[in-house]
Amino acid sequence: MLSNHISSNRHFKNHKFFRAFVTSIFTFFSFLLLFSCDEKDKNLPDISRVPEVEIEVIRMEKELIAPKDKQTIALFLNNHPGIAEKYFRRRTFPSDSILINNIYSFATDSHTDTLLTDTKRIYGDFETISQELEQAFRFLRYYYPNFIPPKVYTNISGFGAFGFGQDIFLTEEFIVIGLDYFAGTTATYLPPETPGYI
């Protein structure tokens, strides 16, 4: 459960900040839900005076997984140490080469190409969702003026089959969205233990 993961995450040192952060994230997802509806809610706050929010979206599935190259994986991990440490849990591996080999095994697995194809077909260039995230972050900044938007990473993980990845991964600095978890019923593969009625 997302709330259990967040509460057990040791990256949050300040309890007040943690509570505000969690509230912000749930508000963020609430606004995403609102924007996905066809009807406009007239009770939304006026954010016209809130400055535009620019977010950085890093497509890990394109930069890290699609190239299928160990040197590219090593370079990506070195350029994104927060992702390497927190998301891929670099310190749990005896050496970087073992972590790189693990990611490479996933990248070259026969099912990974299908996941890449599905997410490309469903999400395209991710521009529409990026705009929705920027809008949601503006609402967050309306309520929390000092809110600093985290980096947003997207990825596919084979539903965590290779020891990394989950639907949503949150830290103070970044959010990782596991696109394969949200690909919907048109995707080739569904997350494990998904009830048939969803």
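Predicted model: local features only at pLDDT ≥ 70, side-chain atom pairs only at ≥ 80, totals over all residues.
How many salt bridges does a search of the whole structure find? The search finds 9 of them, a salt bridge being a side-chain nitrogen of Lys or Arg within 4 Å of a carboxyl oxygen of Asp or Glu. Residues are numbered from 1 along each chain as its sequence is written, and side-chain values use heavy atoms, with hydrogens and water left out.

**View 1. Overview of the chain.** Welcome to a chain with 8 helices and 4 strands; these are DSSP runs numbered from the N terminus, helices being H or I with at least four residues and strands E with at least two. Of its 198 residues, 39% are buried. Here buried means under 20% relative accessible area, exposed over 50%, and partly exposed in between (1.4 Å probe, protein chains only).

**View 2. Strand β2 and its partners.** Because 4 of the 5 residues of strand β2 (residues 151–155) are buried, this strand is largely enclosed by the rest of the structure. Strands pair if DSSP finds at least two bridges between them. β2 runs parallel to β1 (residues 57–59) over 3 bridges, and parallel to β4 (residues 174–178) over 5 bridges. Look for Val152 in β2: Val57 stands opposite, and in β4 its bridge partner is Ile175.

**View 3. A salt bridge between buried residues.** Arg59 and Glu61 join their side chains in a salt bridge (2.5 Å, N to O). Arg59 is buried at a relative accessible area of 9%, and Glu61 is buried too, at 2%.

**View 4. Salt bridges between separate parts of the chain.** Asp113 and Lys68 form a salt bridge, with their closest N and O atoms 2.9 Å apart. Asp113 belongs to helix α7 (residues 110–123) and Lys68 to the loop between α3 (60–65) and α4 (70–79), so the pair ties together parts 45 residues apart in sequence. Glu173 forms another salt bridge, with Lys86, at 2.5 Å between the closest N and O atoms. Glu173 sits in the loop between β3 (168–170) and β4, and Lys86 in helix α5 (residues 81–87), so this pair ties together parts 87 residues apart in sequence.

**View 5. A charge over a ring.** The charged end of Lys70 sits over the ring of Tyr104, 5.1 Å from its centre. To qualify, NZ of Lys or CZ of Arg must be within 6 Å of the ring centre and within 35 degrees of the ring normal.
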